[in-house]
Amino acid sequence: MVAFARRKSFDTAWDSALPWLYGIASRLIKKHRAREAKHLRSSAASAARGEHISHGDLDATVARLDAEISTRELAPMIASLSAKDRDTLLLYAWGDLTYEEIAVALGVPVGTVRSRMNRIRTRLNPARGSGREHVVNEKKGEVDGRFRASA
């Protein structure tokens with residue numbers, strides 16, 4: 001939407017709009033990360049004051065606290081990823097893109113996306129064992145590169 005609103009500012013002398021679009025996207029991501037950090041600081045401060053404790057809804061409170069702890073643990077690990085790996089992960093997790101779609105968005109081969117996702121999984125969960133299975137697309141019956149831990 002931002003790119004569409006700013007389309008008149010695009011310099012048509014360029015062969016491709018990708019650098020311009022990625023510039024817009026990176027600024028939006030930077031703003032989002034700043035807002036998210038502010039929200040996390042606010043949540044941590046209110047949790048420290050006990051504002052999230054509700055005696056009538058203990059299950060929801062426990063789930064929220066578990067999510068906050070997981071976020072605190074994962075955020076630094078995600079931040080420590082290289083920019084290329086982080087972009088790949090965010091397109092996969094937030095953008096809900098397939099490996100093929102990520103490859104097109106980043107202009108890399110699908111094999112590169114698969115390698116990056118494997119490296120990311122290993123860095124974010126080094127204890128993950130060999131007990132895992134491929135997630136199968138239920139509609140098409142195809143393996144899509146995602147993994148699920150087997151119980």
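Q: Which helix is aspartate 85 found in?
A: In this predicted model, aspartate 85 sits in helix H4.

Q: Why does aspartate 85 count as buried?
A: Its relative accessibility is 5%. Buried means under 20%, so aspartate 85 goes into that class.

Q: What makes the pairing of aspartate 85 with arginine 119 a polar contact?
A: The two side chains come to 3.0 Å, and the cut-off for a pair of N or O atoms is within 3.5 Å. Beyond its close sequence neighbours (up to four places away), aspartate 85 touches Arg116, Arg119 and Ile120.

Q: Why is isoleucine 78 called partly exposed?
A: Look at the relative accessible area, which is 23% for isoleucine 78. Buried would need under 20% and exposed over 50%, so isoleucine 78 lands in between, as partly exposed. This residue belongs to helix H3, residues 58–79.

Q: Which residues is isoleucine 78 in contact with, leaving aside neighbours within four places in sequence?
A: Those are Arg86, Leu89 and Leu124. As for leucine 90, isoleucine 78 is 12 residues from it in sequence and 9.5 Å from it in space, C-alpha to C-alpha.

Q: What makes H4 and H5 oblique to each other?
A: Helix H4 covers residues 83–93, and its axis crosses that of H5 at roughly 135°. Roughly perpendicular runs from 65 to 115 degrees and roughly antiparallel starts over 145, so H4 and H5 end up oblique. The axes come within 10 Å, and the crossing is right-handed.

Q: Which residues make the contact of H4 and H5?
A: From H4 you get Asp87, Thr88, Leu91 and Tyr92, and from H5 Tyr99, Ile102, Ala105 and Leu106. Sorted by class, the H4 and H5 contact has six nonpolar, one polar and one charged residues.

Q: Why are H5 and H6 described as roughly perpendicular?
A: Helix H5 (residues 99–106) and helix H6 (residues 110–124) pack at about 110°. Angles of 65 to 115 degrees count as roughly perpendicular, and therefore H5 and H6 get that label. Their axes are 8 Å apart.

Q: Which residues make the contact of H5 and H6?
A: H5 brings Tyr99, Glu100, Ile102, Ala103 and Leu106, while H6 brings Val110, Val113, Arg114, Arg116, Met117 and Arg121. In the contact of H5 with H6, seven residues are nonpolar, four are charged and none is polar.

Note on methods
Residues numbered from 1 in each chain as written. Predicted model: local features only at pLDDT ≥ 70, side-chain atom pairs only at ≥ 80, totals over all residues. Heavy atoms only, no water. Axes fitted to C-alpha atoms, helices over the stretch in contact; angles between N-to-C directions. Helix = DSSP H or I, 4+ residues; strand = E, 2+ residues; numbered from the N terminus. Parallel < 35°, antiparallel > 145°, perpendicular 65-115°, else oblique. Contact = heavy atoms within 4.5 Å. Nonpolar A, V, L, I, M, F, W, Y, C, P; charged D, E, K, R; others polar. Left-handed = near helix turned anticlockwise from the far one by under 90°. Buried < 20%, exposed > 50% of the residue type's maximum accessible area, 1.4 Å probe, protein only. Polar contact = N/O pair within 3.5 Å; in protein donor to acceptor, adjacent residues only side chain to side chain.
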